[in-house]
Structure formats: C-alpha cells, structure tokens
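Dear colleague,

I am handing over the structure below, together with some notes on what was found in it. Please read the notes with the model open beside them.

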Amino acid sequence: MLASFSGLFLLILILASFRLTHLLVYDDITAPLRRLFVTTTIVTLDHGQQAVQHEVAPKGPKRWLGMLFTCHWCMGVWSSLILTLLWLFVPYAIWLLVILAVAGAAAIIETIVLRL
C-alpha cells in the first residue's frame, strides 16, 4: 500500500485532513457534537468588538475532547492520523478522502473568490 503513495495522494490527504478538521472545529453542522464537550459564549470586549469564548470541562476525557474541538492544530493531527489509518486499513476509504479533498479544495477556492 505504501508503494502506491504519491505526491497526488499526499495532496488528497492534505486537503481531506484540512476539510475534516474544519468540519469538526468550525462548521455549524457539527456544533451539536462540539456542545457535548465545549460551552461557547460570545463576549463583548471593552472596545465593542465581539469574541468567542470557549469553556471546557476542568478535568477528565471531556476536558481532553473539549480542548481537541477548540484547537484546529490539535484536531488536524488527529484528523490526519484517522484519515491515514482509514486509507491504510479500510477498503474503499479512498472515496471518503477524495470527497473530503474536493470539498476542501472548493472551500479554499471559495475563500479566495470571496476576497477578490
């Protein structure tokens, strides 16, 4: 399996990991899952700007998961690990990776277009 690892596949894995990470940490559709581990409030700062404040459990597995769901760097490592293991050990998992990669590339393109 590792013999078939190529630059194209690495790009697919990178984009898929990006999309899965963003889906879990930021997207509204996964907010109910995040609420199991994180309490999120909007606070108004002294100068009137609003900021998001996350509160996680003080200890235990809920704290670990809460920290994971509030850190895209942390979630990115675990997303990459999970997707790589899926590719190595689950037949046809490549299709999930391709779908996530295409969605990731589309998200990047949309972000660029919105900023033009």
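**Asp27 and its surroundings**

The side chain of Asp27 makes a polar contact with the side chain of His22, at 2.9 Å, where a polar contact is a pair of N or O atoms within 3.5 Å, of which, within protein, one must be able to donate a hydrogen and the other to accept it, residues adjacent in sequence counting only if both atoms are side-chain atoms. Before going further, please note that this is a predicted model, in which local features need pLDDT of at least 70 and side-chain atom pairs count only at pLDDT 80 or more, while totals for chains, interfaces and linings use all residues. Residues are numbered from 1 along each chain as its sequence is written, and side-chain values use heavy atoms, with hydrogens and water left out.

Asp27 lies in the loop between helix H1 (7-25) and helix H2 (31-35); helices here are DSSP runs (H or I, at least four residues), as strands are (E, at least two), and they are numbered from the N terminus. With a relative accessible area of 15%, Asp27 is buried, a word that stands for under 20% relative accessible area, with exposed meaning over 50% and partly exposed in between (1.4 Å probe, protein chains only). When its neighbours within four places in sequence are left aside, Asp27 is in contact with Arg19, His22 and Arg34, contact meaning heavy atoms within 4.5 Å.

Ser17 is found in helix H1 and, at 6% relative accessibility, counts as buried. Apart from neighbours within four places in sequence, Ser17 is in contact with Gly76, Ser79, Ser80 and Leu83. Leu20 also lies in H1 and is buried, with a relative accessible area of 16%; with neighbours within four places again set aside, its contacts are Ser79, Leu83 and Leu100.

The axes of H1 and helix H5 (residues 93-114) come within 7 Å and cross at roughly 70°, axes being lines fitted to C-alpha atoms, for helices over the stretch in contact, with angles that run from 0 to 180 degrees between N-to-C directions. H1 and H5 are therefore roughly perpendicular to each other, since angles of 65 to 115 degrees count as such, those under 35 as roughly parallel, those over 145 as roughly antiparallel and the rest as oblique. Among the residues that make this contact are Phe9, Ile12 and Leu20 of H1 and Ile94, Leu97 and Leu100 of H5. By class, the contact of H1 with H5 has 16 nonpolar, one polar and one charged residues, where Ala, Val, Leu, Ile, Met, Phe, Trp, Tyr, Cys and Pro count as nonpolar, Asp, Glu, Lys and Arg as charged, and the others, Gly among them, as polar.

Helix H3 (residues 61-69) and helix H4 (residues 72-89) pack at an angle of about 100°, with their axes 6 Å apart, which makes H3 roughly perpendicular to H4. Here Trp64, Leu68 and Phe69 in H3 meet Cys74, Met75 and Trp78 in H4, and by class this contact has six nonpolar, no polar and no charged residues.

Tyr92 lies in the loop between H4 and H5 and is exposed, with a relative accessible area of 69%. Although Tyr92 is not a glycine, it has a positive phi of about 70°.

**Cysteines**

Cys71 counts as buried at 19% relative accessibility, whereas Cys74 counts as partly exposed at 35%. A search of the whole structure finds zero disulfides, a disulfide being a pair of cysteine sulfur atoms within 2.5 Å.
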